[in-house]
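Please examine the sequence and the model shown below before reading on. The paragraphs that follow lead from single residues to the chain as a whole.

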Amino acid sequence: VAELLTVPSMAWLMRTIARQHNMVSEFKDCFLLAAIVAVPMWLSNIGLIAPSLWTIAEIAVIGFLGAAGLLYHGIYSFLKMDDQFEAQSLSYEILAAGLIAWLMLCSFIILPLIE
């Protein structure tokens with residue numbers, strides 16, 4: 001349930017950050033981009049079947065890098081930007097917020113296991 005709530009939350013965040021940069025974006029475009037960017041992270045969960053912790057970590061990093069690449073190229077094309085550096089700055093802000101959201105999702109799993 002938490003993962004399903006993350007996509008519209010990230011779409012809202014993308015739209016808010018785009019507005020702070022004086023860009024016009026529609027929620028449907030931001031929602032589509034948030035859903036597409038989340039796919040490599042979701043697919044990296046398949047790596048949990050690997051027997052090695054290092055392999056699992058490598059697959060998770062590959063998923064994160066794939067999501068970062070999709071975010072940058074998606075922002076550049078979905079928001080119809082002209083400046084690559086502006087797209088890079090915008091994607092860094094969104095990626096940092098996404099990383100915080102991902103860590104919170106991980107805490108939902110880890111905290112019950114500690115007790």
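Two residues are said to be in contact when their heavy atoms lie within 4.5 Å. The model to which this term is applied here is a predicted one.

Which residues does Ser44 touch, not counting residues up to four places away in sequence? They are Ile59, Ala60 and Gly63. Is Ser44 buried or exposed? Its relative accessibility is 11%, and buried means under 20% relative accessible area; Ser44 therefore counts as buried.

The next stop is helix H4, which covers residues 84–114 and includes Ile114. With a relative accessibility of 60%, Ile114 counts as exposed, because the value is over 50%. Ile114 also belongs to a nonpolar surface patch of about 700 Å².

The view may now be widened to the protein chain as a whole. How many helices and strands does the chain have? There are 4 helices and 0 strands, and the pattern read along the sequence is α-α-α-α. The C-alpha trace spans about 45 × 25 × 20 Å along its principal axes.

Of the 115 residues in the chain, 30% are buried. Contacts also show how parts of the sequence are brought together: among those between residues at least 6 apart in sequence, 56% join residues at least 24 apart.

The surface and the charges complete the account. The accessible surface of the chain comes to about 7,800 Å², and carbon and sulfur atoms contribute 72% of this area. As for charged side chains, the chain has 4 positive and 9 negative ones. The centres of these two sets lie 14 Å apart.

Definitions and conventions:
Residues are numbered from 1 along each chain as its sequence is written. This is a predicted model: local features need pLDDT of at least 70, side-chain atom pairs count only at pLDDT 80 or more; totals for chains, interfaces and linings use all residues. Side-chain values use heavy atoms; hydrogens and water are left out. Helices (H or I, at least four residues) and strands (E, at least two) are DSSP runs, numbered from the N terminus. Buried means under 20% relative accessible area, exposed over 50%, partly exposed in between (1.4 Å probe, protein chains only). Accessible areas come from the Shrake-Rupley method with a 1.4 Å probe; for residues, only the protein chains shown count as cover. Lys and Arg count as positive and Asp and Glu as negative; His and the chain ends are not counted. The place of a charge is taken as NZ of Lys, CZ of Arg, CG of Asp or CD of Glu. Patches are made of residues with over 30% relative accessible area and no salt bridge: like charges are joined within 9 Å, nonpolar side chains (Val, Leu, Ile, Met, Phe, Trp, Tyr) within 5 Å. A salt bridge is a side-chain nitrogen of Lys or Arg within 4 Å of a carboxyl oxygen of Asp or Glu.
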